[in-house]
Amino acid sequence: MDIPVNGHPLYAYTGGKPFDAAQPTVVFIPGVLNDHSVWILQSRHFAYHGWNVLAIDLPGQGRSHGTPPASVEEAAQTVLALLDAVGAPRAALVGHSFGSLIALEAAARAPERVSQLVLCGTAFPMKVSPALLDASVNAPEKAIHMVNVFSHSTLSPPPSALGPGTWLYGASRALMRRMLASNRSVNVFHTGFKACDDYAGGEQAMAAVQCPTLFVIGAHDQMTPPKSARALAKLARQPSLVEVDAGHALMTEAPGAVLDALRKFLSAPR
């Protein structure tokens, strides 16, 4: 579904369901060089269980048009503009990695618009090594390989994600290459990483969040180590924390466990 946001079509996967103002809304936000598809199991489940689902491609990449956000703050404003565009007064925000910072900032900027906040594979600060930042510009294929090595703790996911025997490294590489190629004018790899590296408002944002916050962390995450998420959770007003047996790509490495955590958290009375 293409939704006009800030003058450009923003793509959101809806599970094939029309928006129903009587239902709660959940927005799924991906990380760098990821798109709506990384949430395939989780987003489809909620679409068929009474939720409006908006699993987005970030602006200027994938199926979305416009300019790629150069900062976490800019991307957060896009998420809030999306809620305005669909007529959703409030929504639950679920973000992964870069997307978790975007969700966090959006919830801090408009606490009355966010019912629940889920941060998957998060950290603050979310610093990116100089070598990886440089490679994202000058050797993107090398950088894609580096990210995949650090993001995965297993070769194949359980059957409930991409299918039995799927090679996670290969699937992730193909997605990252496709996302990088989707914008020939702006290097969305470097832009996204630099936005993560530059973001300085995480602690202040967490203190401003009013809603319950779930931290879903991968026990073997080398990109955003669990200790970083735990430190951020200490600043949350109403934190919950679930650790799953996965690396940074936890939605595909532990799809069932992530879905179970989301179901329990999002269905809790508020």
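Start with helix α3, where Phe 98, Gly 99, Ser 100, Leu 101, Ile 102, Ala 103, Leu 104, Glu 105, Ala 106, Ala 107 and Ala 108 are buried. That is 11 of its 12 residues, so the rest of the structure largely encloses this helix. Keep in mind that this is a predicted model. The points below go through some helices, the nonpolar core, the aromatic rings and a few backbone details.

**Helices α3 and α7**

- The length of α3 fits expectation: at 1.5 Å a residue its 12 residues should span 16 Å, and its end C-alpha atoms are 17 Å apart.
- Helix α7 is mostly covered too, with 8 of its 11 residues buried.
- The buried residues in α7 are Val 188, Phe 189, Thr 191, Gly 192, Phe 193, Ala 195, Cys 196 and Asp 197.
- Who does the covering? The elements over the buried residues of α7 include α2, α3, α4, α5 and α6.

- Helix α11 runs over residues 255-267, and its 13 residues reach 18 Å from first C-alpha to last, close to the 18 Å expected.
- Its buried residues are Pro 255, Val 258, Leu 259, Ala 261, Leu 262, Phe 265 and Leu 266.
- Look down the axis of α11 and those buried residues fall within an arc of 160°, so they line one face of the helix.

**The nonpolar core**

- The largest nonpolar core holds 91 residues, and Leu 117 and Phe 189 are the ones that touch the most other members.
- Helix α2 (residues 72-86) gives this core its largest share, 9 residues.
- Which residues does Phe 189 contact, leaving aside its neighbours within four places in sequence? They are Val 32, Leu 33, Ser 136, Pro 140, Ala 143, Ile 144, Val 147, Met 176 and Leu 180.

**Glu 74 in helix α2**

- Helix α2 is also the place of Glu 74, which counts as partly exposed at 35% relative accessibility.
- Neighbours within four places aside, Glu 74 is in contact with Thr 67, Pro 68 and Pro 69.
- Glu 74 and Ala 195 sit 121 residues apart in sequence, while their C-alpha atoms are 9.6 Å apart in space.

**Aromatic rings**

- The count of aromatic pairs comes to 5.
- One of the pairs is Phe 28 with Trp 39, which is tilted: the centres are 5.2 Å apart and the planes make 45°.
- That pair links distant parts of the chain, 11 residues apart, with Phe 28 in strand β3 and Trp 39 in the loop between β3 and α1.
- Buried or exposed: which are Phe 28 and Trp 39? Both are buried.
- Another pair, Phe 124 with Tyr 199, is edge-to-face, at 5.9 Å centre to centre and 80° between the planes.
- Here the partners are 75 residues apart: Phe 124 is in the loop between β6 and α4, and Tyr 199 is in the loop between α7 and α8.
- Phe 124 and Tyr 199 are both buried.
- Phe 28 and Trp 39 turn up again in one aromatic cluster, together with Phe 46 and Trp 51.

**Backbone details**

- Phe 124 has one more feature: a cis peptide bond joins it to Pro 125, with omega about -5°.
- Pro 125 is in the loop between β6 and α4.
- Asn 6 is a residue other than glycine with a positive phi, near 55°.
- Asn 6 lies in the loop between β1 and β2 and counts as exposed, at 57% relative accessibility.
- Leu 33 also has a positive phi, near 60°, and is a residue other than glycine.
- Leu 33 lies in the loop between β3 and α1 and counts as buried, at 0% relative accessibility.
- Leu 33 is also among the contacts of Phe 189.

Notes. Residues are numbered from 1 along each chain as its sequence is written. This is a predicted model: local features need pLDDT of at least 70, side-chain atom pairs count only at pLDDT 80 or more; totals for chains, interfaces and linings use all residues. Side-chain values use heavy atoms; hydrogens and water are left out. Helices (H or I, at least four residues) and strands (E, at least two) are DSSP runs, numbered from the N terminus. The expected span of a helix is 1.5 Å times one less than its number of residues. Buried means under 20% relative accessible area, exposed over 50%, partly exposed in between (1.4 Å probe, protein chains only). The arc is that of the directions from the helix axis to the C-beta atoms. Rings of Phe, Tyr and Trp (its six-membered ring) pair if their centres lie within 6.5 Å; planes under 30 degrees apart count as stacked, over 60 as edge-to-face and the rest as tilted. A nonpolar core is a set of buried Ala, Val, Leu, Ile, Met, Phe, Trp, Tyr and Cys residues joined through side-chain atoms within 4.5 Å. Contact means heavy atoms within 4.5 Å.
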